Amino acid sequence: MTELPARRLLLVHAHPDDESINNGATMARYAAEGAHVTLVTCTLGERGEVIPPELRHLTGAALGMHRRGELAAAVRALGVGDARLLGGAGRYGDSGMMGLPDNEDRGCFWQADVDEAAGHLAEVILEVRPQVLVTYDDNGGYGHPDHIQAHRVAMRAVDLAAERGHRIAKVYWNRVPRSVAEAAFERLQDELPALPFDKSASVADVPGVVGDERITTAVEGTAHAAAKAAAMRAHVTQIDVAEPYFALSNDLAQPLFTTEYYELVRGTAESGESDLFAGLGLEETS
Ligand SMILES: [Zn+2]
């Protein structure tokens, strides 16, 4: 096997677009610094709502295929070369929103056996041997079944990989500090008239918002804001971008954060750390 860079970061996401919205700046930053960045996406998001009218004919497997292309373009924009689909393309289907009958489809990710799905992820972990893993909190950030399942699978895979010989030093959940979200929405209210969106989302619509005291890590990504916006834009069917704001298919404007925040849940955080690899004694390679 070819030698991987010293610093290795693994991100686990539910659908194509989640990586760019949540961690685009972080992924671009570490890729630019020469770290090995691996993205594992659990489904192709084939139940997602499509924004552009001219693409709304895409549904089901055809939409999944299309979104696979969007994901490839997004990771290219972020400079990330290692993007995988959990268990291979099409292994797990998009579950749709909570409470819909879609959740009961046998092939959907929500119905997946957690140990089996985690086994696929553990194989990736044992191959890449990341020191850092990023995923969602136990509510998936905002309650979407695939995001909750991604959390469960990621946390289980951390344990499985440890049993099989690779312990991940630091596990983080995606977060947004409440004060940052509130300030950003205040600015958004002032700027809304000039934006191509009619209405604003609210703090409650942002996944992973918690009290500031729970934030352990802020990854400053201003230098990679353009890459993040380009990656989000690559998800043409899912995201409308008007920097520094964007909207999903609900057309509600929300802030595009270029500093990305994390809560360390396993391992040891340095006080006020600004680097996911802080305290691990690994050299930057650039
Ligand atoms: Zn998602």
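This briefing covers the zinc site and the two largest pockets of the structure above. The model is predicted. Its zinc ion has protein donors from H15, D18 and H147, and the largest pocket has a volume of about 900 Å³. D18 belongs to both topics, being a zinc donor and one of the residues closest to the centre of the largest pocket.

**Zinc site**
- The arrangement is irregular because the four donor atoms subtend angles of 53 to 144 degrees, whereas tetrahedral geometry would need all angles between 85 and 135 degrees.
- H15 has a relative accessibility of 6% and D18 has 7%, so both count as buried under the 20% cut-off.

**Largest pocket**
- The volume of this pocket is about 900 Å³.
- Its lining has 40 residues, with D17, D18, I21, Y142 and L248 closest to the centre.
- Two or more lining residues come from each of α1 (18-32), β5 (170-177), α6 (225-234), β11 (252-255) and β12 (259-266).
- By type, the lining holds 16 nonpolar, 13 polar and 11 charged residues.

**Second largest pocket**
- This pocket has a volume of about 200 Å³.
- Its lining includes V180, A184, R187, E191, P244 and Y245.
- At least two lining residues each come from α5 (178-191) and β12, and α5 gives the largest share, four residues.
- The lining divides into eight nonpolar, two polar and two charged residues.

Technical notes
Residues numbered from 1 in each chain as written. Predicted model: local features only at pLDDT ≥ 70, side-chain atom pairs only at ≥ 80, totals over all residues. Heavy atoms only, no water. Donors = N, O, S within 2.8 Å, 3.2 Å for Na, K, Ca; no water. Tetrahedral: all angles 85-135°; square planar, octahedral: opposite > 155°, others 65-115°. Buried < 20%, exposed > 50% of the residue type's maximum accessible area, 1.4 Å probe, protein only. 1 Å grid on protein atoms, 1.4 Å probe; cavity = no way out; pocket = protein on both sides within 12 Å on 5 of 7 lines; lining within 4 Å. Points joined across faces, edges and corners; volume = space filled by probe spheres on them. Nonpolar A, V, L, I, M, F, W, Y, C, P; charged D, E, K, R; others polar.
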